[in-house]
Amino acid sequence: MKENRPVTIQSDATLLLDVHDPAFEEARNDVSVFAELEKSPEHIHTYRLSSISLWNAASAGISPDQIIKRLEKWSKFDIPENIIFRIEQSAGLFGKIILLPTDDPYMLILKVTETRIYNELKALKKIAKILIPGDEDKTFFLKLVDRGTVKQELINYGFPVKDEVPLKKGAPLDITLRDTTLSGHAFSPRDYQKEAAYAFYGEGKPGNGFGTIVLACGSGKTVVGMAVMDIYKTHTLILTTNITAVRQWQNELIDKTNLTREEIGEYTGDKKNIMPVTIATYQILTWRPDKESDFPHFEIFRKGEWGLIIYDEVHLLPAPVFRVTAEIQAISRLGLTATLIREDGRETDVFSLVGPKRFDCPWKTLQEKGWIAEANCFEIRTELPQELEVPYAVADKREKFRLAAENPVKFEIVKDILENHSGDLIIIIGQYISQLKKIQQMIKVPIITGETPNSERERIFDLFRKGKEKIIIVSKVANFAVDLPDASVAIQISGSFGSRQEEAQRLGRILRPKEKNAYFYSIVSHNTVEEEFSANRQKFLTEQGYKYQIELR
């Protein structure tokens, strides 16, 4: 056994990291580049070497040898032989199937470097009609329109495709970042924002110009998007989560670029204007008259001369949009997200259709440099009242979760937190509308739910930003793409089962840089299924280096 090394590597592809080892944080930063966090209790964190995590590492230029050397550096014991084999096989698979252009602009060639893999691809019946054996050894021809379909199908079989087909240029657009914002402040992208934009661009070489940027909430992913737009200078389609986010993109573009309001179109349920820069919601794109009809608003992808598509909050990309994304592989595609975690398990579709991870930066690194606020996370556990013990005991699992989530004892805890943070800007977030309305009746503050009209939402958010309202209550509609820069306290009174990305987004509401620290409180019913789901929700943030202080009430 090697001393002072925090990692134990097991033959089932799990890595156990000792939280109490002095080298834990350094080892975690090294390992998280190519492994996914699975469990994060108090003493030992469990990571897993998955295909997608190894492919992302390989696409970022981290070789199997480098992965193995990092593991050798931190491992207490020798690496099991089957793990070395797994790394070499899985990470080494990226780059063995390469998509290349041909002299015919409507045809592509798929080049395979190994005979074994070539024979496996020939035997795949689902894409047999799409892949046409080529003239050269170990090659296939395919039509340009099948580019996305082939990538998506092959990754489903465990074969990542390295796409080196040049992307087309869209209509030109004179877009430049300002040195001084319209509001009169000096402006320049931060170093990591510039680095992210140029990592995506890759000097304009084939094999670049598509992929995802992973940065913490509050760290300025919108600025990264605008920096990429400044590099490409082309007509751009921006897809985002809701109308609030559409307006925020509009305001940021007008404030920080030379674009005018007339050059920025809105494609939502309210307006449908296609301009050189158009911002649309996922909701309008996935609308259709009935389940048998096609999606009429997908035409927006074909109407514009787009050279760049930005997928804001790409971890929420609706399943139908993957279909049209498969059709537009010739356009530069930028995904922006705080976490690549998808609760539907479609991370491989993001990898193959939007693109691999091009850049990320640990949340704690951004915090240490002052780019996001220092956050203190608390999980407050409270018992169910006696009158709910029997109903909880006889309920099914879903009803157990709701009973625990709506535990009325939580209201008193909310009151205590509000008293302790008097004068701070506070967001109370919950899953269940009935629960949120009871809190509103108790403390008499504004509430925003899915039923709140957009104009009223904006009015309440504006009052909160100006400090005229110190406390607001929001449902899950405010999980994403809502800019509330001065909020410093978030109270999560209930969550969506075990959603890790939701937990990250909710913490993100209070991470904008500010002079004071941020406080995130999650109130959970002790010894219930809610406690189990809460542990799962915290996984991603624990991977980023956040620690929850547990309090029993």
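Author: Axes are lines fitted to C-alpha atoms, for helices over the stretch in contact, and angles run from 0 to 180 degrees between N-to-C directions. Helices (H or I, at least four residues) and strands (E, at least two) are DSSP runs, numbered from the N terminus. This is a predicted model: local features need pLDDT of at least 70, side-chain atom pairs count only at pLDDT 80 or more, and totals for chains, interfaces and linings use all residues. Residues are numbered from 1 along each chain as its sequence is written, and side-chain values use heavy atoms, without hydrogens and water.

Reader: Are helix α17 and helix α18 parallel or oblique to each other?

Author: The axes of α17 (residues 410-420) and α18 (residues 433-443) come within 11 Å and cross at roughly 50 degrees. Angles under 35 degrees count as roughly parallel, over 145 as roughly antiparallel, 65 to 115 as roughly perpendicular and the rest as oblique. The α17 and α18 helices are therefore oblique.

Reader: How many charged residues are in the contact of α17 with α18?

Author: Contact means heavy atoms within 4.5 Å. K410, F411, K415 and L418 of α17 meet Q435, K438, I439, M442 and I443 of α18. Ala, Val, Leu, Ile, Met, Phe, Trp, Tyr, Cys and Pro count as nonpolar, Asp, Glu, Lys and Arg as charged, and the others, Gly among them, as polar. There are 5 nonpolar residues and 1 polar, and the number of charged ones is 3.

Reader: Which hand does the crossing of α12 and α13 have?

Author: The axes of α12 (residues 319-327) and α13 (residues 347-354) come within 10 Å and cross at roughly 25 degrees, so the two helices are roughly parallel. A crossing is left-handed if the near helix is turned anticlockwise from the far one by less than a right angle, and right-handed if clockwise. Here α12 passes α13 in a crossing that is left-handed.

Reader: Which residues of α13 make the contact with α12?

Author: The contact divides into 5 nonpolar residues, 1 polar and 1 charged. From α12 come F322, T325 and A326; from α13 come D349, V350, L353 and V354.

Reader: How many nonpolar residues are in the contact of α3 with α4?

Author: Helix α3 (residues 64-74) packs on helix α4 (residues 81-93) at about 145 degrees, with axes 9 Å apart. The crossing is right-handed. P64, I67, I68 and L71 of α3 face I84, I87, E88, A91 and G92 of α4. One residue is polar and 1 charged; the nonpolar count is 7.

Reader: With which side chain does the side chain of T244 make a polar contact?

Author: T244 lies in helix α9 (residues 243-256). T244 is buried (under 20% relative accessible area; exposed is over 50%, partly exposed in between; 1.4 Å probe, protein chains only), at 5%. A polar contact is a pair of N or O atoms within 3.5 Å; within protein, one must be able to donate a hydrogen and the other to accept it, and residues adjacent in sequence count only if both atoms are side-chain atoms. At 3.2 Å, the partner is E458.

Reader: What distance separates the C-alpha atoms of T46 and T8?

Author: T46 sits in strand β4 (residues 44-48) and is buried at 12%. Beyond its neighbours within four places in sequence, T46 contacts residues including L16 and L37. T46 and T8 are 38 residues apart along the chain, and their C-alpha atoms are separated by 9.6 Å.
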